Amino acid sequence: MTTSPTSGPSPAVTRRPPAARELWRVLAGKVARLVAGVRQTWRRSLQVRVVTITLVTSSLLVGGFAYLIADKITNILVENAETDVRLRLSSGSDYAAKQFSLYSQAQEAQLQDTIDGTVNYLAGGDPQQTSGVVVGIIADDYTGIIEPRFSPDVEVRPLISRELRATVAGGKIASQIRTGRLAADPTKYLVYGSPVPTRFGQVELYYLVPLTRQDATAADARATVVATGAALVLLLGLLAALVTRLVVTPVRVAARTAQRLSAGLLDQRMVVNGEDDLALLAASFNQMATNLQRQILRLEEMSRLQRRFTSDVSHELRTPLTTVRMAADLIFAERDEFDPAVARSAELLQAELDRFEELLTDLLEISRFDAGFAMLDAEPTDLVPVVHRVADRLAGLAERVGVTIELDVPDAPVIAEVDPRRVERVLRNLVGNAVEHGEAKPVLITLGHDQTAVAITVRDHGVGLKPGEEKLVFNRFWRADPSRARQTGGTGLGLSISLEDARLHGGWLEAWGAPGQGAQFRLTLPARAGDRLTTSPLRLVPGDAALPFGGPRDGGLLAIGSGTGGALAIGPAPATGDRAEVGS
């Protein structure tokens, strides 16, 4: 009957104490910061990369050469020792053969004494020495008759391997290198064995030569080579650092000078030293900076003159426009008494004068923005009545073109620190454009807010915008379709002024559009004047827009606005809205 072993208690799970875990986290954090710092230094410093590569490459090359040289020196020393031992072994074998030639039997009484004397003679005549060359004679074929003898009298059998003795007993000269302890410290020996023929048979002669001197010489050579190689590597690293510094320093100076130039310090120049390539680089850089400064100053002067011309012309046209306006109003008031063709001309004159007056007003506003004189008069404002007021004022235009204006605004007040006059002007421009391009389809105005920002979107379902046009809609006097008949008689500056109004608030004005899907403009303003925007409460891309990649809509779409408005990239966005990395 088989019984199963009784299972014992399960081993306790070893848990790391909280102190150890905390220490491990601290160490891991320090290591991670150290690795990050090294990687950052490696990426940013050309000098560090060049010096490191030089040190690693030179270390590998010098290390390889040092190994080859040390190995070659060791081989030469061993070969010299082997040559010397072979010579001594040859002469010793001849001497021993002559000494043993007098004996024809291994049992003769004087043979053992002759062996002892031969060993002592070959060892140098001092049987008491405990260092240096060890000489021995062994006769394995005559065990019990001839005793092995070594001079000096030490136990060397562990140094003579069985394979070596078998080879020598077979009548061949053999050698090996063995390490053993004959004296105080372990010593490496070169062991040579040779057969010695006699009239009564064969004996084996062994020489054990210590390689202490050769090892010391090889160690000194390796240390010298390593020290020389290390010094050479350090010298190469220092040389690479110096050479790299000579090249990198002017490049760094040029980079810092370029940064100052890009920051507007146009008088910055590099110091030119010598006549080499780096000096030529500095001189060329200075010449480029001078040309850029001259060109920038020229463009600034031209821009200043252009702005002044626009402002002066706008102001100067005010007086004749007032006179023409008075005359046109008089003619327009009496148009019922004129011929129908003349009455129609009076109506056209009145309409064009209205547009001309709006154009002058917009030009004056643009000139104030260009000159930096535009001021923000921010105050806490409820945006809900502002949206309703804009919708009411454009209701007549929407009715004429067959467009319905729909509002999606909260019932509660939405308070933000804004300039109500400028916000209303932006909304009038956005809603007016949506009505004009709405293709008799509804226009939806949505108001949203959160803790930091408020947003208003104006959505139409008209022809939409072609790819790339969302970047152009805020350009001055730009029109998507120049052949299209205008209903509102706009000046072409409305969206440009709206963009400047949004920037003046520290907000964003962005556009999205797709052919056949209409367009949507989004105005995002900080809830408190002076705050920096990071997100918008409303998405730029509407939820009913067809995705080009057919993906899910759960996360919405992300539109990154540019300085000129528009949607430059599309991707997943958080549920509360999208994040604009570059805002207006």
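Glu439 lies in the loop between helix H11 and strand E9 (443-449). In this predicted model, Glu439 has a phi near 55°, a positive value in a residue other than glycine. Ala440 sits in the loop between H11 and E9 as well. Its phi is near 60°, again positive and again in a residue that is not glycine. Most residues other than glycine have a negative phi.

Ser151 and Pro152 are joined by a cis peptide bond, with omega about 0°. Most peptide bonds are trans. Pro152 is placed in the loop between strand E2 (149-151) and helix H4 (162-169).

The average pLDDT of the protein is 78, and 83% of the residues score at least 70.

The protein has 12 helices and 14 strands. It holds 584 residues, and buried residues make up 37% of them. The accessible surface comes to about 34,000 Å². Carbon and sulfur atoms account for 58% of that surface. Contacts were also sorted by separation in sequence. Among those between residues at least 6 apart, 63% join residues at least 24 apart.

Helix H11 was examined next, together with a helix that it contacts. Two packed helices are described by the angle between their axes and the distance between the axes. H11 spans residues 420-436, and H12 spans residues 494-504. Their axes come within 9 Å and cross at roughly 145°. The crossing of H11 past H12 is left-handed. On the H11 side, the contact is made by Arg422, Arg425, Val426, Asn429, Leu430 and Asn433. On the H12 side, Gly494, Leu495, Ile497, Ser498, Asp501 and Leu504 take part. The residues of this contact comprise 5 nonpolar, 4 polar and 3 charged.

Asp419 is placed in the loop between strand E8 (415-418) and H11. Asp419 counts as buried because its relative accessibility is 5%, and the cut-off for burial is under 20%.

Glu406 belongs to strand E7 (residues 405-408). At 37% relative accessibility, Glu406 counts as partly exposed. Its contacts reach Pro442, Val443, Leu444 and Ile445, with neighbours within four places in sequence set aside. Glu406 and Thr446 are 40 residues apart in sequence. Their C-alpha atoms are 8.6 Å apart in space.

Two residues in helices were also considered. Phe356 lies in helix H8 (residues 340-371). Its relative accessibility is 32%, so Phe356 counts as partly exposed. Leaving aside neighbours within four places in sequence, Phe356 is in contact with Leu317 and Leu321. Phe356 and Leu321 are 35 residues apart along the chain, and their C-alpha atoms are separated by 8.6 Å.

Ile296 is placed in helix H6 (residues 277-316). Its relative accessibility is 31%, so Ile296 too counts as partly exposed. The C-alpha atom of Ile296 is separated by 9.0 Å from that of Leu266. Along the chain, Ile296 and Leu266 are 30 residues apart.

Terms used
Residues numbered from 1 in each chain as written. Predicted model: local features only at pLDDT ≥ 70, side-chain atom pairs only at ≥ 80, totals over all residues. Heavy atoms only, no water. pLDDT = per-residue confidence, 0-100. Axes fitted to C-alpha atoms, helices over the stretch in contact; angles between N-to-C directions. Helix = DSSP H or I, 4+ residues; strand = E, 2+ residues; numbered from the N terminus. Left-handed = near helix turned anticlockwise from the far one by under 90°. Contact = heavy atoms within 4.5 Å. Nonpolar A, V, L, I, M, F, W, Y, C, P; charged D, E, K, R; others polar. Buried < 20%, exposed > 50% of the residue type's maximum accessible area, 1.4 Å probe, protein only. Areas by Shrake-Rupley, 256 points an atom, 1.4 Å probe, with all protein chains shown as cover.
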